[in-house]
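Please work through the exercises below with the sequence and the coordinates open beside you. Each task is followed by a solution that goes step by step.

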Amino acid sequence: MSHTPLFEVSDLRVSFGRGAAAREAVRGLSLSLAAGEVLGIVGESGSGKSLAMLSALGLNPEGSEVRGSVRFQGREIAELPRAALQKIRGAQIGMVFQDPLSSLNPVMRVGAQIMEALYLHNPRLTRREAEERATELFERVAIAQARDRLRAFPHEFSGGMRQRVMIAMAIANTPALLIADEPTTALDVTVQAQIMEMLSDLQKRLNLGLVLITHDLGVLAGYADRVAVVYAGQVVEQAPVHALFARPAHPYTRGLMAASADLSQPGEALYSIPGTPPPAGPLPPGCPFAPRCDRAGAICRETPPPLRRAPDGAAEARCHFAWQDGECR
Amino acid sequence: MTGYILRRLLAMPFLILGIITLTFALTSVTRGDPLAGIISDRQMTNPEVVAAAKARWGLDKSLPERYVTYLGNLMSGDMGTSFITRRPVAQDVMARLPATLELVTAAMIFGAGAGITLGVVAAVWRNTIVDHLARLLALIGASIPVFWMGLALLYLFSVQWGVLPGPGRLDPRATTPPQVTGFMTLDTLIAGDLRLFGNALYHLLLPAGVLGWSVAGTISRLVRANMIEILHREFITTARAKGAGELRVVLRHALRNTLVPTLTVIGYSFAYLLTGAVLTETIFSWPGMGSYAVSAARGLDYPAIIGVTIVGGVIFLITNLVTDIAYVIANPRVRPG
């Protein structure tokens with residue numbers, strides 16, 4: 001991957017409040033994604049993973065400030081004026097959110113919402129063309145009787161169907177990058193797999209760069225090429241998916257894996273990492289995970305860990321003991 | 001949808017009957033002798049005249065008898081005869097109703113328009129000077145009584161600065177167009193007289209503005225609160241993620257959702273405006289139901305009081321129905337099958 005990445009975030013910082021009272025929630029997050037690649041971002045709720053992705057596209061909440069560099073197709077977009085960013089959002093970068101019920105406008109017909117996405121980036125589209133295109137999109141996400149269903153309201157759909165509508169809307173203008181923020185979390189387990197299959201299928205067919213934000217490592221095992229583990233607003237480990245599962249380097253990653261439900265061993269209490277991620281604001285010196293880490297030594301509480309690279313060069317982790325056999329499992 | 005409207009319409013006669021009964025019951029417990037409005041004080045001492053007057057106006061009958069007679073007459077559109085004007089109440093009311101409806105409708109349009117605009121502006125620029133100004137305007141409208149505001153603005157704009165006309169529906173020298181709807185603005189248009197239409201609109205401006213301002217405050221506060229809440233919803237982020245600009249996000253996505261709960265309040269404020277019209281009409285010499293109601297109440301003119309109350313009640317019922325239907329149309333989630 002020596003050529004220009006499709007999407008590259010460097011040293012992204014998001015803070016709330018101003019001046020001395022500013023509290024950082026995303027603390028220098030960096031990651032990159034190649035065209036057609038699936039990057040999983042995993043972390044607990046409150047780790048800043050969603051906030052970071054929203055902020056990278058200028059969708060950060062009111063009262064927050066974003067710093068750092070965001071490059072899309074080689075072009076710096078973090079400093080772009082609002083109008084220029086609007087041309088990119090929805091056209092070259094699509095987004096899918098967690099809860100499709102609250103993410104769709106309740107008083108607009110779903111067809112109108114899809115057609116709006118089309119019109120916004122193709123102002124000269126006729127009504128007939130837009131309707132035609134919206135029908136195709138519905139068929140593409142496997143909504144039966146596509147043409148009739150365009151006239152329905154979001155509440156007339158099931159959760160899975162609503163998420164299909166969201167996905168159809170996100171890919172309406174055939175973007176190069178799709179950011180899916182916990183796309184299956186709010187859905188029934190049986191539907192989750194269908195939606196993931198469909199996303200993955202679309203990703204391959206449209207050669208989408210896909211950022212898949214989730215707190216479920218299990219989902220990533222099946223679909224991601226690479227995984228970035230986010231803790232306290234930083235990437236603490238980044239590795240190709242098979243390497244990560246074979247040899248997790250960061251204790252936090254191991255904790256997340258242990259916390260995933262393992263159905264092969266019924267009757268066993270589910271593991272959970274003690275404590276909670278740190279809130280926005282200043283961190284204690286040393287490793288932000290140290291207070292929750294069962295292997296933390298004196299150095300962890302004093303010196304922030306450097307980014308260490310795995311011997312094979314493919315993975316990196318922000319832990320003093322990463323890839324140091326003996327010290328760290 | 002049609003079934004829903006039909007059910008609501010079927011309930012209307014019963015509600016109207018309820019209003020009539022209640023009005024009758026209320027007038028029977030009011031103190032004061034209606035005869036005082038019919039015959040002079042001197043005649044009151046003459047038992048023969050009193051008895052004759054009582055018989056003439058049906059006041060010698062018992063309340064239930066009067067009630068039944070009234071209902072029977074009402075079926076044929078007869079609301080009795082006013083003690084004061086000595087004309088049929090139905091005729092009086094119909095002559096004055098359009099002026100009131102015109103005033104209240106104009107006030108409603110102004111109040112809702114200004115209220116929604118102020119609310120949206122205040123929500124979008126919340127906690128800025130714009131928001132504070134909008135709050136001040138809303139507070140003034142909601143807390144200063146209509147009669148005081150009416151007098152003060154009439155004095156300033158008409159007497160002092162001469163930029164707005166004085167009381168009345170038209171310039172005193174203008175010839176009134178033939179009455180078709182009773183709405184001066186519509187009648188002048190039907191007559192094809194644009195200058196007269198402008199004059200009618202000009203005269204409507206201040207009374208409707210004063211009256212409308214009284215509800216604009218409430219509406220704007222509600223719109224502001226709803227709007228802020230809606231602007232934090234996820235579908236707003238979706239709209240932005242689609243590439244929609246802020247103006248579009250506010251007007252097309254947020255406002256439409258804000259209007260759903262606001263509609264109900266706008267509907268109810270129509271009733272509030274009908275009440276407020278009484279005072280406004282008195283100040284602006286507006287020949288509507290309000291001034292008629294005031295003189296009827298002063299003279300204990302029972303037929304007129306009851307007539308005005310029933311008509312007011314029916315208008316209220318119709319407004320409610322229209323509001324509920326509008327709510328269902330605006331909010332697809334409650335649309336009945």
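Helices here are DSSP runs of H or I with at least four residues, and strands are DSSP runs of E with at least two, both numbered from the N terminus. The model is a predicted one.

**Exercise 1. The annotated spans of chain B**

Task: Find which residues of chain B the UniProt annotation "transmembrane region" covers, and state how much helix and strand residues 103-124 of chain B hold.

Solution. Begin with the record: the unreviewed UniProt entry places "transmembrane region" on residues 103-124, 136-157, 200-223, 258-284 and 304-330 of chain B. Next, take residues 103-124 of chain B, where the span is 100% helix and 0% strand and the end C-alpha atoms lie 31 Å apart. Then turn to residues 200-223 of chain B, which are likewise 100% helix and 0% strand, with 31 Å between the end C-alpha atoms.

**Exercise 2. Helix 5 of chain B and its partners**

Task: Describe how helix 5 of chain B packs with helix 9 of chain B and with helix 6 of chain B.

Solution. Two packed helices are described by the angle between their axes and the distance between the axes. For the pair made by helix 5 (residues 89-124) and helix 9 (residues 194-231) of chain B, the axes come within 5 Å and cross at roughly 35°. This crossing is right-handed, and the contact comprises 25 nonpolar, six polar and two charged residues.

Now repeat the steps for helix 6 (residues 129-143) of chain B, which packs with helix 5 of chain B at an angle of about 150°, the axes being 8 Å apart. Here the crossing is left-handed. On the helix 5 side of chain B the residues are Leu118(B), Val121(B) and Ala122(B), and they meet Val130(B), Asp131(B), Ala134(B), Arg135(B), Leu137(B) and Ala138(B) of helix 6 of chain B. By class, this contact has seven nonpolar, no polar and two charged residues.

**Exercise 3. The antiparallel sheet of chain A**

Task: Give the strand order of the open four-stranded sheet of chain A, and explain why one side of strand 2 and of strand 5 of chain A is left without a neighbour in the sheet.

Solution. The open sheet of four strands in chain A has the order 2-1-4-5, with antiparallel pairing. Strand 2 (23-33) and strand 5 (75-76) of chain A stand at the edges and have a single partner strand each, so one side of each lacks a neighbour in the sheet.

Further in, strand 1 (residues 7-16) and strand 4 (residues 64-72) of chain A pair in the antiparallel sense over eight bridges, and Phe16(A) has Ser64(A) in strand 4 of chain A as its bridge partner. Helix 1 (residues 49-56) of chain A packs on this sheet and touches strand 1, strand 2 and strand 4 of chain A, its direction making about 110° with that of strand 1 of chain A.

**Exercise 4. Covered strands in chain A**

Task: For strand 3 of chain A, say which residues point each way, and which strands pair with strand 3 of chain A in the parallel sense.

Solution. In a regular strand the side chains alternate between the two faces of the sheet. In strand 3 of chain A, Val38(A), Gly40(A) and Val42(A) point one way, Leu39(A) and Ile41(A) point the other way, and all are buried, where a buried residue has 20 or more other C-beta atoms within 10 Å of its own. Strand 3 of chain A pairs in the parallel sense with strand 8 (residues 209-214) of chain A over five bridges, Gly40(A) having Leu212(A) as its bridge partner. Four bridges also join strand 3 of chain A to strand 9 of chain A in a parallel arrangement, with Val42(A) opposite Val229(A).

As a second case, strand 6 (residues 93-96) of chain A is covered on both faces, with Ile93(A) and Met95(A) on one side, Gly94(A) and Val96(A) on the other, and all of them buried.

**Exercise 5. Where the chains touch**

Task: Identify which helix of chain B gives the most to the side that touches chain A.

Solution. Start from the contact, in which 19 residues of chain B meet 22 residues of chain A. Helix 10 (234-241) and helix 11 (246-283) of chain B are the elements giving two or more residues to this side of chain B. Helix 10 of chain B gives the most, with six residues.

Key: Residues are numbered from 1 along each chain as its sequence is written. Chains are lettered from A and ligands numbered from 1 in the order in which they are written. This is a predicted model: local features need pLDDT of at least 70, side-chain atom pairs count only at pLDDT 80 or more; totals for chains, interfaces and linings use all residues. Axes are lines fitted to C-alpha atoms, for helices over the stretch in contact, and angles run from 0 to 180 degrees between N-to-C directions. A crossing is left-handed if the near helix is turned anticlockwise from the far one by less than a right angle, and right-handed if clockwise. Ala, Val, Leu, Ile, Met, Phe, Trp, Tyr, Cys and Pro count as nonpolar, Asp, Glu, Lys and Arg as charged, and the others, Gly among them, as polar. Two strands pair if DSSP finds at least two bridges between them. Two residues are in contact if their C-beta atoms, placed from the backbone, lie within 7 Å. A residue is buried if 20 or more other C-beta atoms lie within 10 Å of its own, exposed if 12 or fewer, and partly exposed in between; C-beta atoms are placed from the backbone. UniProt positions are given in the numbering used here, feature names are shortened, and annotations may be inferred rather than shown by experiment.
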